[in-house]
Amino acid sequence: MKTLGVLGGMSWESTQHLYALLNRGVAARLGGLHSAQLVLHSVDFAPIAAMQAEGDWAEAARVLGEAAMGLRRAGAEALLIATNTMHKVAADVERAAGLPVLHIVDATAEALRAAGVKRAGLLATRFTMEQGFYRDRLWERFGIEAIVPDEAGRAAVHRVIYEELCRGRFEPASRELLRAQVAALADRGAQAVILGCTELGLLLPAGSPAALPLFDSTDLQARAAVHWMLG
């Protein structure tokens, strides 16, 4: 088994879920008492969230790059960034650590492509929905168009993520808000919806009743990582 380095804590709510998915995935493949061979650096999210809000992505890249270098020294052979939004600096992290990042967009896109999806809705933080790093990669590498909610919808989803999910709050009203956004994206021609924030699947898991099929990026990232670890 290869050793995977995980950059987590953004938020820790989703990181603990990813940790469980990785270990369950390895156990399902190998059986017995097997578990995932990991090294984890969990950052304090508050300073990172402030950098996001201020648009200081260079400093965020520096912080994660230093953490990634530590993971390499600890034996990591590849990296997992346990957050969709911080894949904005994935290339910087790769350069700093000299290790490949198992990219969450690629894992998600492969599943969408296998399902024949050409136009997908994207629910995520405002940064992920509004900046090009996620949607551009989907289109340029996989030919998948991503559409996002309107301004009010983007603001509502972003609020749920930062004010509730990252703080361990899972409100039924917010679950219905997400379902309404899925329905609105269906009306605009989406064939499926990407849960493009690592916390969203905690509130509305893939397979939940919704107007469209849901593709949970965290679950798909974990599956790809288990495949990489076990070869």
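## A residue in the core

Let's begin with one side of the story: in this predicted model, Val93 touches Leu7, Leu64, Gly65, Ala68, Leu79, Ile81 and Val101, leaving aside residues up to four places away in sequence. Val93 also belongs to the largest nonpolar core, which has 66 residues. Together with Met86 and Leu112, Val93 is among the residues with the most contacts inside that core. Helix 3 supplies the largest share of this core, seven residues.

Three of them form an open sheet in the order 2-1-3, with parallel pairing. Strand 2 (38-42) and strand 3 are the edge strands, each pairing on one side only. On average, neighbouring strands of the sheet are turned by 20 degrees against each other, direction ignored. Helix 3 (residues 57-73) packs on the sheet and touches strand 1, strand 2 and strand 3. The direction of helix 3 makes about 150 degrees with that of strand 1.

Strand 1 and strand 2 are joined in the parallel sense over five bridges, and Gly5 stands opposite Val39 in strand 2. Strand 1 (residues 4-8) pairs with strand 3 over four bridges, also in the parallel sense. There, Val6 stands opposite Leu80 in strand 3.

## Two faces of one strand

In a regular strand the side chains alternate between the two faces of the sheet. Are the faces of strand 3 (residues 78-81) covered or uncovered? Both are covered: Ala78 and Leu80 on one side are buried, and so are Leu79 and Ile81 on the other.

## Aromatic rings

The whole structure holds four aromatic pairs. In one of them, the rings of Phe127 and Tyr162 have centres 6.4 Å apart and planes at 85 degrees, so the pair is edge-to-face. This pair links distant parts of the chain, with Phe127 in helix 6 (residues 126-130) and Tyr162 in helix 8 (residues 151-163), 35 residues apart. Both Phe127 and Tyr162 are buried.

Phe133 and Tyr134 also make an edge-to-face pair, at 6.3 Å centre to centre with 80 degrees between the planes. Both of these residues, Phe133 and Tyr134, are buried.

Phe45, Trp57, Phe127 and Tyr162 form one aromatic cluster.

Methods. Residues are numbered from 1 along each chain as its sequence is written. This is a predicted model: local features need pLDDT of at least 70, side-chain atom pairs count only at pLDDT 80 or more; totals for chains, interfaces and linings use all residues. Side-chain values use heavy atoms; hydrogens and water are left out. Buried means under 20% relative accessible area, exposed over 50%, partly exposed in between (1.4 Å probe, protein chains only). Helices (H or I, at least four residues) and strands (E, at least two) are DSSP runs, numbered from the N terminus. Two strands pair if DSSP finds at least two bridges between them. Axes are lines fitted to C-alpha atoms, for helices over the stretch in contact, and angles run from 0 to 180 degrees between N-to-C directions. Contact means heavy atoms within 4.5 Å. A nonpolar core is a set of buried Ala, Val, Leu, Ile, Met, Phe, Trp, Tyr and Cys residues joined through side-chain atoms within 4.5 Å. Rings of Phe, Tyr and Trp (its six-membered ring) pair if their centres lie within 6.5 Å; planes under 30 degrees apart count as stacked, over 60 as edge-to-face and the rest as tilted.
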